Structure formats: structure tokens, C-alpha cells
Amino acid sequence: MISGATAPVTSNPPARVKYLIQGLASEETREQSLDVLCKNRLAYGNLAVLLWNSFGTMRVLLKIITSAYRPLLSDGLTERAVTQVCNAIALFQCVASHPNTRIPFIRATMSVHLYPFLNTMNNERSYECLSITSLGVIGSLAKVQDPEVIEYLLSTQIFPSCLRCMEVGKTLSRTVSTFIIYRILLSEKGLKYCFILAERYLSVSQCLGKLVENLTEDDAENLPQLLKNIIGCYLRLSENKRTRPQLSSYFPWKFLDHKYANIIRSDPKVLADLRQLVCNLRTSKSCTIHCTDEPPTSSDSPGLSIP
């Protein structure tokens, strides 16, 4: 059996990694090899290349991932199965993140096999774990801002899957899925994709609005990043002057409450983006004042509220 304790430790880390990768081929050693590789994936700098180029390894990982499809539909996922699938997806993310394997990964359309985990309406712990881990793979692709990657993601209809996660997921999955939408919108092709159909644009803006309406302060760790992603999405959407009035009608102005401004106070860029967003949506001549105000103090008006 291969485990963290019994796998041969040599002075040549790649040799140990190759040994563990070979262990994925056998059902007897697969679970232990998968666990060790996943836990140490950040320590093995060339792991992605070895995984991608090792004969049959990606097929094994794909088999582990797809084995969860049927139990996913019947609520028959065990904790052990979820752990194995999440470990396999984490290795997918390793491959998707590496500059030498990213493009081959997307050209092989590997990430589409994760979409069933994004499209479930169940947000119980096991499903949320699968969803977050899968979103991590897509997020690793989206943050690179490679035109080929963005075009690939758009071709796989990632928008509806992310919007679904934003609606039914918990704070972390909402944060990552909103990040993916934001990174796609940062590209001109992604922004054009959003506006090319009125229904698509409305779906995104309305989903962001619902996300704001359902914000809670329970998850203090992830809330600042979620707010940053929401502001980024709205700011990009507001750059389209033609649809600004419509966006303004959907924008949840409660987002400008003191409590949210205070959460992002420590990040000047995000606060500046929020002020710019308000400028884009306002029609009053006082907009310039609001855009140049200093960050508010806890006892002052945030200078962002709409009268």
C-alpha cells in the first residue's frame, strides 16, 4: 500500500512523485496515492507536467471524477467517495494552473467534466465541497486572462453554471463563482458576450442583485473578497453607457450601506471602484464630488449613498 509514510522518500523528489503517480493505476494503491499527491501538490513543482504526460493518468483521474455522476443524481455519495473525487479535481486544478499544461488541458476540454458538480441545486456539505473544488479549477483558468482560455470558457457556457452557484451556493462557492464571472468580464470578449443577448445581461445583473440582497456578515473571512468581486462585476457592466439606466434600476442600493463600505475600507482600490461605480450609475452633477471623496470614517456618511 502506498501512503505518506511508506512511499519511498528519496533525494530525488520527482522519483517519489512518479512512484505515487504509478500508484494511481492500481485500485489497491489508488486511494492512498491520490491522497498523498493531493496533500503535497504544492510542494511538487513539476507535478502538473508529470500528471499530464504520464500514460493513462489523466484517464484515471477522469474515471474517478465521472464515477460520482450517478451517485450525485441519487443522493448516494459517500464521504469517502467525495474525498476521492475532490482529490482528483484538485489534481485537475494543478494541471489547469501550470503554464505548460493549461492550454493542452483546455484543448482536451477536461474542465467540462466538472460542470455536473456546478449544476446541482443541492448545497449540502458534500455537494458544496464538490462545487467549490470544481470552481477552483475554472477559477485557475479564468484568472490568467489568456484570450484562448476566455474563449474556451465562453464556449462551454460557464456563465449559467456560475450564476447557479451564485444563487444556491454558500459564501465560498458564491465568492469563487463571482470571481470567475468578474475575470471573464474583464476581457473585452467576455464583456461583449454578456451584452450580446439581453436575456444574458439581465440574468447576470439580476443574479448580482440577488447576491447582494442575500449577503450575510456570518462569513467574515470570505465576505471582503465576495464584495470585491461583486463590485468588479458591476463596474464592468456599468461601462456600457447604453444599458446604464437599466442597470441602475436593478442595482441594489442597499449595497452602499455603512456596513459594507466599512468591510472594504482597508482596500483603497476596491473602495475607489465602488465610488466609480456610483459615478457611472448616478445622473446628478454631484457625481464628481462622490468620486473624489476620501474614504468615510465609521461615524461619517460613506459618501456613496444615493439620496
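Visitor: How many disulfides does the structure hold?
Guide: This is a predicted model, where local features need pLDDT of at least 70, side-chain atom pairs count only at pLDDT 80 or more, and totals for chains, interfaces and linings use all residues. Residues are numbered from 1 along each chain as its sequence is written, and side-chain values use heavy atoms, without hydrogens or water. A disulfide is a pair of cysteine sulfur atoms within 2.5 Å. By that rule, the number of disulfides is 0.

Visitor: Which cysteine has the sulfur nearest to that of Cys207?
Guide: Cys207 is in no disulfide. Cys207 is buried, at a relative accessible area of 2%. The nearest cysteine sulfur lies 9.6 Å away, in Cys233.

Visitor: How much space lies in the largest cavity?
Guide: Rolling a probe the size of a water molecule over the atoms shows where empty space is left. On a 1 Å grid over the protein atoms alone, a cavity is a set of points where a 1.4 Å probe fits but cannot get out; a pocket is an open set with protein on both sides within 12 Å along at least five of seven lines; lining residues have an atom within 4 Å of a point. Grid points join across faces, edges and corners, and a volume is the space filled by probe spheres set on the points. The count is 1 cavity of 30 Å³ or more, and the space in the largest cavity is about 70 Å³.

Visitor: Which element gives the largest share of the lining of the largest cavity?
Guide: Helices (H or I, at least four residues) and strands (E, at least two) are DSSP runs, numbered from the N terminus. The lining includes Phe117, Tyr127, Ser131 and Cys165. α8 (115–118), α9 and α11 (158–168) each give two or more residues. The largest share, 3 residues, comes from α9.

Visitor: Which element gives the largest share of the lining of the largest pocket?
Guide: This pocket holds about 270 Å³ of space. Its lining has 13 residues, with Gln93, Gly136, Gly139, Ser140 and Val176 nearest the centre. α9 (125–142), α12 (171–186) and α15 (223–238) each give two or more. The largest share, 6 residues, comes from α9.

Visitor: How many charged residues are in the lining of the second largest pocket?
Guide: About 210 Å³ of space lies in this pocket. Its lining includes Glu27, Lys63 and Arg80, and α2 gives the largest share, 5 residues. Asp, Glu, Lys and Arg count as charged; Ala, Val, Leu, Ile, Met, Phe, Trp, Tyr, Cys and Pro as nonpolar; the others, Gly among them, as polar. The lining divides into 3 nonpolar, 3 polar and, for the charged class, 6.

Visitor: How far apart are the end C-alpha atoms of α2?
Guide: The expected span of a helix is 1.5 Å times one less than its number of residues. α2 has 13 residues, so it should span 18 Å. The model agrees, with the end C-alpha atoms apart by 19 Å.

Visitor: Which residue caps the N-terminal end of α2?
Guide: A side-chain oxygen lies 3.2 Å from the backbone nitrogen of Glu28. The residue giving that oxygen is Ser26.

Technical notes
A polar contact is a pair of N or O atoms within 3.5 Å; within protein, one must be able to donate a hydrogen and the other to accept it, and residues adjacent in sequence count only if both atoms are side-chain atoms. Buried means under 20% relative accessible area, exposed over 50%, partly exposed in between (1.4 Å probe, protein chains only).
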